[in-house]
Amino acid sequence: MTILVGGSTYLSVLLYRLYCQTTGKGGQAVLEEAGEKIASMKTIKERFITVNFNADVNSTMRWNFKPQQPYIKVSPGETALAFYTARNPTNKPVIGVATYNVLPFEAGKYFNKIQCFCFEEQQLNPHEEVDMPVFFYLDPEYAEDPRLEYVNDIVLSYTFFEAKEGMQLPRPSFV
């Protein structure tokens with residue numbers, strides 16, 4: 001029974017992550033190909049947003065995981081690079097998968113990741129420590145959303161879970 005509950009919990013996290021990445025709902029950042037959009041977007045220089053970074057690990061995950069900076073200030077339309085550090089203090093290799101969200105939820109649709117460690121599973125060997133980048137931008141439309149008019153602080157939060165080797169996520173089919 002314990003294995004069944006643990007397995008279903010793990011699977012539900014992965015399915016939720018897949019759903020949120022695909023739809024942009026649930027406070028998840030929307031994934032997109034950014035090339036042309038970044039080249040042509042205008043920076044809203046008179047508006048500064050503080051992006052706070054949070055890091056957690058599931059209770060069964062034994063990694064040490066933390067942001068390298070507590071926050072950064074960015075303007076909508078500006079790209080930014082932040083780093084997290086993960087360390088495997090165990091004597092065996094561990095594969096991790098990260099879920100993420102953006103708070104407040106309304107800001108999630110404007111938070112766009114260009115490159116992120118959360119897009120793929122991460123394997124850390126025994127006692128290995130790595131720096132993991134997150135390259136992102138806030139869509140300039142953030143500054144035009146009346147629900148975010150007075151929201152100048154957002155939180156980017158990650159939680160790492162131990163991945164089971166060989167597990168494949170189902171891909172959504174678009175009709």
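**Figure 1. His-127 in the loop between β8 and β9.** His-127 lies in the loop that links strands β8 and β9; strands (E, at least two residues) and helices (H or I, at least four residues) are DSSP runs, numbered from the N terminus. This is a predicted model, in which local features need pLDDT of at least 70 and side-chain atom pairs count only at pLDDT 80 or more, whereas totals for chains, interfaces and linings use all residues. Residues are numbered from 1 along each chain as its sequence is written, and side-chain values use heavy atoms, with hydrogens and water left out. The phi angle of His-127 is near 65°, a positive value in a residue other than glycine. Most residues other than glycine have a negative phi. His-127 counts as partly exposed because its relative accessibility is 40%; buried means under 20% relative accessible area, exposed over 50%, and partly exposed in between (1.4 Å probe, protein chains only).

**Figure 2. The cis peptide bond at Pro-104.** The peptide bond from Leu-103 to Pro-104 is cis, with omega near 0°. Most peptide bonds are trans. Pro-104 is placed in the loop between β6 and β7. Leu-103 has Val-155 as its bridge partner in β10.

**Figure 3. The open sheet of five strands.** The protein has 2 helices and 10 strands, and from the N terminus on its elements run α-β-α-β-β-β-β-β-β-β-β-β. An open sheet is formed by 5 strands in the order β4-β2-β10-β6-β8, with mixed pairing; two strands pair if DSSP finds at least two bridges between them. The edge strands, β4 (71-74) and β8 (122-124), each pair on one side only. On average, neighbouring strands of this sheet are turned by 30° against each other, direction ignored; the axes are lines fitted to C-alpha atoms (for helices over the stretch in contact), and angles run from 0 to 180 degrees between N-to-C directions. Strands of a sheet pair through backbone hydrogen bonds, either parallel or antiparallel.

Figure 4. Towards β10, β2 is joined by 8 bridges, and the two strands run parallel. The bridge partner of Asn-52 in β10 is Val-155.

**Figure 5. The two faces of β4.** In a regular strand the side chains alternate between the two faces of the sheet. Ile-72 and Val-74 make up the covered face of β4, and Tyr-71 and Lys-73 the uncovered one.

**Figure 6. Strand β10 and its pairing with β6.** β6 and β10 pair in the antiparallel sense over 8 bridges. Strand β10 is largely enclosed by the rest of the structure, because 7 of its 10 residues are buried. Thr-99 is found in strand β6 and is buried, with a relative accessible area of 14%. Thr-99 and Phe-160 are 61 residues apart along the chain, yet their C-alpha atoms are separated by 6.5 Å.

**Figure 7. The largest nonpolar core around Phe-117.** The largest nonpolar core has 35 residues, and those with the most contacts inside it are Phe-117, Ile-154 and Tyr-158; such a core is a set of buried Ala, Val, Leu, Ile, Met, Phe, Trp, Tyr and Cys residues joined through side-chain atoms within 4.5 Å. Among the strands that each supply at least two residues of this core are β5 (79-87), β7 (111-116) and β9 (129-138). Leaving aside neighbours within four places in sequence, the contacts of Phe-117 include Phe-65, Tyr-84, Met-132 and Phe-160; contact means heavy atoms within 4.5 Å.

**Figure 8. The salt bridge between Asp-145 and Arg-147.** The structure holds 1 salt bridge, defined as a side-chain nitrogen of Lys or Arg within 4 Å of a carboxyl oxygen of Asp or Glu. The side chains of Asp-145 and Arg-147 meet in it, at 2.8 Å from N to O. Asp-145 counts as buried, with 6% relative accessibility.

**Figure 9. Lys-42 in the loop between α2 and β2.** Lys-42 is placed in the loop between α2 (35-40) and β2, and counts as exposed at 64% relative accessibility. Not counting residues up to four places away in sequence, Lys-42 touches Pro-76, Gly-77 and Pro-140.
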